[in-house]
Amino acid sequence: MRSLQNHFLIATPAMRDPYFARTVTYLCEHNDEGAMGLVVNHPVNITVTDMLRQLELVEEDEPETLSGRYVFSGGPVNPERGFVIHTPKRGYTASLSLGEELMVTTSVDILSALGGKHGPERFMVTLGYAGWEAGQLEKELADNSWLLVPADGDFATELLFNTPPSKRWQKACEHLGFDIWQLSNDVGHA
């Protein structure tokens, strides 16, 4: 099996699940046991600063680097669990490298560093994740629900950190080099 870790899943117009319609999901893990990813284009109605205040990890004065940053709904599984996708910065507990450009960290130590000089240069915070059992993602790919694009190089960091959330699905589609609306919902199998 070829691992799809460090790829973006782009929901096609054939996606029937309303939660995942027009989403871009970053695959953090994919192996024989299943897959795990984070939806990266659905902000929720809470800022990173508000979340950190609730956790008592930031003072009243909002660091300038946190201003206007929203938390994202990473998926419907365990919505109380947080994930931080960020540019490489070592030293946090529970970090996973996802290629040369990105890491994901799940430990609280990164949250207390966000917005400060010890935090990663670029980051986004998600709550929850998307999960697939063994073979489930492969079936969804065969059913024309998703398209894949590698999350490497400048494209990944540009999409995650420089593209407004409302434009990420369109930008990911454009990266494929064709108009996604011209795709048929029917899949042929030879």
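The model is predicted.

Start with strand 3, which covers residues 34–39. How many of its residues are buried? The count is 6 of the 6, so strand 3 is largely enclosed by the rest of the structure. Buried here means under 20% relative accessible area.

In a regular strand the side chains alternate between the two faces of the sheet. Strand 3 can be read in that way. Gly34, Met36 and Leu38 point one way. Ala35, Gly37 and Val39 point the other way. All of these residues are buried.

Which strands pair with strand 3? Strand 2, residues 24–31, pairs with strand 3 in the antiparallel sense over 6 bridges. A hairpin joins strand 2 to strand 3 through 2 residues. Strand 9, residues 123–133, also pairs with strand 3 in the antiparallel sense, over 4 bridges.

Gly34 is the bridge partner of Asn31. Gly34 also stands opposite Glu133 in strand 9.

**Salt bridges**

Side chains of opposite charge can pair when their charged atoms come close. How many salt bridges does the structure hold? There are 2.

One links Arg53 and Asp50, with the closest N and O atoms 3.8 Å apart. Both residues sit in helix 1, residues 48–54. They are 3 residues apart there, so about one helical turn separates them. The other salt bridge joins the side chains of Lys139 and Asp143, at 2.7 Å from N to O. A salt bridge needs the nitrogen within 4 Å of the carboxyl oxygen.

| Residue | Relative accessibility | Class |
|---|---|---|
| Arg53 | 29% | partly exposed |
| Asp50 | 35% | partly exposed |
| Lys139 | 52% | exposed |
| Asp143 | 37% | partly exposed |

Lys139 counts as exposed because its 52% is over the 50% cut-off.

**A negative patch**

Now turn to the surface. Which residues gather in a patch of negative charge there? They are Glu100, Glu101, Asp152, Asp154 and Glu158.

Take Glu158 as one of them. Glu158 lies in helix 4, which spans residues 153–162. Its relative accessibility is 31%, so Glu158 counts as partly exposed. A patch takes in residues with over 30% relative accessible area and no salt bridge.

How values were computed
Residues numbered from 1 in each chain as written. Predicted model: local features only at pLDDT ≥ 70, side-chain atom pairs only at ≥ 80, totals over all residues. Heavy atoms only, no water. Patch = residues over 30% accessible without salt bridge, like charges linked within 9 Å, V, L, I, M, F, W, Y side chains within 5 Å. Areas by Shrake-Rupley, 256 points an atom, 1.4 Å probe, with all protein chains shown as cover. Lys, Arg positive; Asp, Glu negative; His and termini not counted. Charge placed at Lys NZ, Arg CZ, Asp CG, Glu CD. Buried < 20%, exposed > 50% of the residue type's maximum accessible area, 1.4 Å probe, protein only. Pairing = 2+ DSSP bridges.
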